[in-house]
Amino acid sequence: MRARYGVPLGIAAAGAAGLVYAAGFEVRSFRLRRVTVPVLPAGMRPLRVLQVSDIHMVGGQRKKQRWLRSLAGLRPDFVINTGDNLSDPEGVPEVLDALGPLMDFPGAYVFGSNDYYGPKPRNPARYLLEKSAGRHGLNGNPPVTGAIHNPWEDLRDGFDAAGWLNLTNTRGTLKFEGVSVELTGLDDPHIKRDRYAHVAGGPSDDADFSMAVVHAPYLRVLDSFTADGYPLILGGHTHGGQLCIPFYGALVTNCDLDTDRVKGLSRHTAEGRTSYLHVSAGCGTNRYTPVRFACPPEATLMTLVGRE
């Protein structure tokens, strides 16, 4: 009896233990990623940028809210929010409360699909099928029907009232302590709301430094930003793969970005130019898949320094 059932029972026990870990511990094991990026013009003082992404707030997530509030203690020069703040139509007040201390700093934001639309139950295996077919979001898939509409306008109004810049297919400039930073942003490419023609042309000569911001790091967007000469691009959306294999990494990115660049700092080249790309693994999950494995939730504190 033991010889016959020992191996299957052992596999089942290991799987159950992994699920308990992924859903009970790692999904709440918040981390801070720290990176240094050599992108500033020579002689410019270093800048500290805090990126928060993919919060996917659901009512009652007190630990996540406390952790987000605590990030204000890092005292960044400015904050970039790369979208997908919601995973609950009732979550706007809790998002604004959790980000309240960070909104005392200069900042800017773009939205992701989950800010506009509520999540629906989905078989995780579909991400693998979409990857194999080269389809992601509305990029190659049929239009969404019966979607839940989130109150994104309330979220926008809260961010705007705090003075954060709305970078929805537009540009803006943050000015602080004698420094001007130009930001160029796009709406979410995952649901085909990006309009690069509205912001094309590359950095202006009026700011000390320019960078680009988008929620989902689709290659068409990265190519355009890089070809236009932006030295740094920030994105989110991928969740770092969310369910990863130890010593191997992510299986999917939920866009056409390769898995080697699913999170953290990398480079992107297009038309003979190269930009730094930082993709945040985010600090939340879709409410219907509240698990993470070998991919802890995170925010990132970037120190921008002079170019090498």
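Predicted model: local features only at pLDDT ≥ 70, side-chain atom pairs only at ≥ 80, totals over all residues.

Tutor: Let us begin with a criterion: two strands count as paired if DSSP finds at least two bridges between them.

Student: Which strand is joined to β12 by nine bridges, and in what sense do the two run?

Tutor: As a general idea, the strands of a sheet pair through backbone hydrogen bonds, either parallel or antiparallel. Here strand β1 (residues 31-40) is joined to strand β12 (residues 298-306) by nine bridges, and the two run parallel; Val37 has Leu304 of β12 as its bridge partner.

Student: In what order do the six strands of the open sheet stand?

Tutor: The order is β6-β7-β8-β9-β11-β10, with mixed pairing. At the edges stand β6 (170-176) and β10 (264-270), each with a single partner strand, so one side of each has no neighbour in the sheet. From one strand to the next the twist averages 30°.

Student: How does β10 pair with β11, and what packs on the sheet?

Tutor: Strand β11 (residues 273-279) and β10 pair in the antiparallel sense over seven bridges, and Ala270 stands opposite Arg273 in β11. Helix α7 (residues 219-227) packs on the sheet, where it touches β7, β8, β9, β10 and β11, and its direction makes about 75° with that of β10.

Student: Which way do the side chains of β9 point?

Tutor: In a regular strand the side chains alternate between the two faces of the sheet. In β9, Leu232 and Leu234 point one way while Ile233 and Gly235 point the other way, and all are buried.

Student: Are Ser266 and Ser275 buried or exposed?

Tutor: The cut-off to keep in mind is that buried means under 20% relative accessible area. Ser266, in strand β10, has a relative accessible area of 16% and is therefore buried; Ser275, found in strand β11, is buried because its relative accessibility is 1%. Leaving aside neighbours within four places in sequence, Ser266 is in contact with Arg261, Ser275, Tyr276 and Leu277, and with residues up to four places away likewise not counted, Ser275 touches several residues, including Thr226, Ile233 and Ser266.

Student: How many salt bridges does a search of the whole structure find, and which residues form them?

Tutor: The criterion is a side-chain nitrogen of Lys or Arg within 4 Å of a carboxyl oxygen of Asp or Glu, and the search finds 13 salt bridges. One of them joins Asp97 to Arg69, with the closest N and O atoms 2.6 Å apart; this pair links distant parts of the chain, Asp97 lying in helix α3 (residues 92-99) and Arg69 in helix α2 (residues 62-70), 28 residues apart. Asp97 is partly exposed at 43% relative accessibility, and Arg69 is partly exposed at 28%.

Note on methods: Residues numbered from 1 in each chain as written. Heavy atoms only, no water. Helix = DSSP H or I, 4+ residues; strand = E, 2+ residues; numbered from the N terminus. Axes fitted to C-alpha atoms, helices over the stretch in contact; angles between N-to-C directions. Contact = heavy atoms within 4.5 Å. Buried < 20%, exposed > 50% of the residue type's maximum accessible area, 1.4 Å probe, protein only.
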